[in-house]
Amino acid sequence: MNSILMSLIMMTMTYEMPKLPYANNALEPVISQQTIDFHYGKHLQTYVNNLNSLVPGTEYEGKTVEEIVATAPDGAIFNNAGQVLNHNLYFLQFAPKPSKKEPSGKLGEAIKRDFGSFENFKKEFNAAAVGLFGSGWVWLSVGKDGKLKITREANGSNPVRAGLKPLLGFDVWEHSYYLDYQNRRADHVNVLWDIIDWDVVEKRM
């Protein structure tokens, strides 16, 4: 393969892995290093690689993952773009020692307005995550009207497709928790709150 062709191929590799703001073992015991190594290092890397191989030569070349998820029909490009977007937001919302246990400011006020209290919001969010059948995601998102919504997204979908802005997401695909919790999805969901970096989530509002 000549250098010109290699350069052209590299130019199309526009989607990259997010850089984790913590060490692979820093989220233990909530999420083990082994899970991070597989979930981030293997699963997400595969979605990124797939997207980079699928997009060149299509109408989605040069578009952001958000644009692809919002406009692409069901299929391989949508599925992989959705999972790249989902996992980028997911892995960057965690911190080993968050500065606070719940959101404040605009997001904190909106949660109290739309769910009654932060505890009520957590209960509804947990119920949505535990009750989602099969694989998928649960998201807290904000609409254009400023109202917050909890949505269940099957497989690799994302609230962006419905015109919403995702703020906080829990991955309930088994690969996100099975090494640590086996079939105990509820246990996994309950402890994820301990590592949410609300400073990051608030900035997405």
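Residues are numbered from 1 along each chain as its sequence is written, and side-chain values use heavy atoms, without hydrogens or water. As the model is predicted, local features need pLDDT of at least 70 and side-chain atom pairs count only at pLDDT 80 or more, while totals for chains, interfaces and linings use all residues.

User: How many residues of strand E1 are buried?
Analyst: Strands are DSSP runs of E with at least two residues, and helices are runs of H or I with at least four, numbered from the N terminus. Buried means under 20% relative accessible area, exposed over 50%, and partly exposed in between (1.4 Å probe, protein chains only). E1 covers residues 136-142 and is mostly covered, the number of buried residues being seven of seven.

User: Which residue in E2 stands opposite Leu 140?
Analyst: Two strands pair if DSSP finds at least two bridges between them. E1 and E2 (residues 148-154) pair in the antiparallel sense over seven bridges. Within this pairing, the residue opposite Leu 140 is Ile 150.

User: Which residue in E3 stands opposite Val 142?
Analyst: E1 also pairs with strand E3 (residues 165-171), in the antiparallel sense and over six bridges. Here the residue opposite Val 142 is Lys 165.

User: What is the angle at which helices H6 and H8 pack?
Analyst: Axes are lines fitted to C-alpha atoms, for helices over the stretch in contact, and angles run from 0 to 180 degrees between N-to-C directions. H6 spans residues 118-131 and H8 residues 185-192, and their axes lie 9 Å apart. The packing angle is about 145°.

User: Why can the UniProt "binding site" residues be said to gather at one spot?
Analyst: The unreviewed UniProt entry lists His 39, His 87, Asp 171 and His 175 under this feature; such positions follow the numbering used here, feature names are shortened, and annotations may be inferred rather than shown by experiment. The residues span 137 residues in sequence, yet they gather at one spot because no two of their C-alpha atoms are more than 12.3 Å apart.

User: What is the relative accessible area of Asp 171?
Analyst: Asp 171 lies in strand E3. Not counting residues up to four places away in sequence, Asp 171 has contacts (heavy atoms within 4.5 Å) with His 39, His 87, Tyr 90, Gly 136, Trp 137, Ser 176 and His 188. Asp 171 is buried, and its relative accessible area is 0%.
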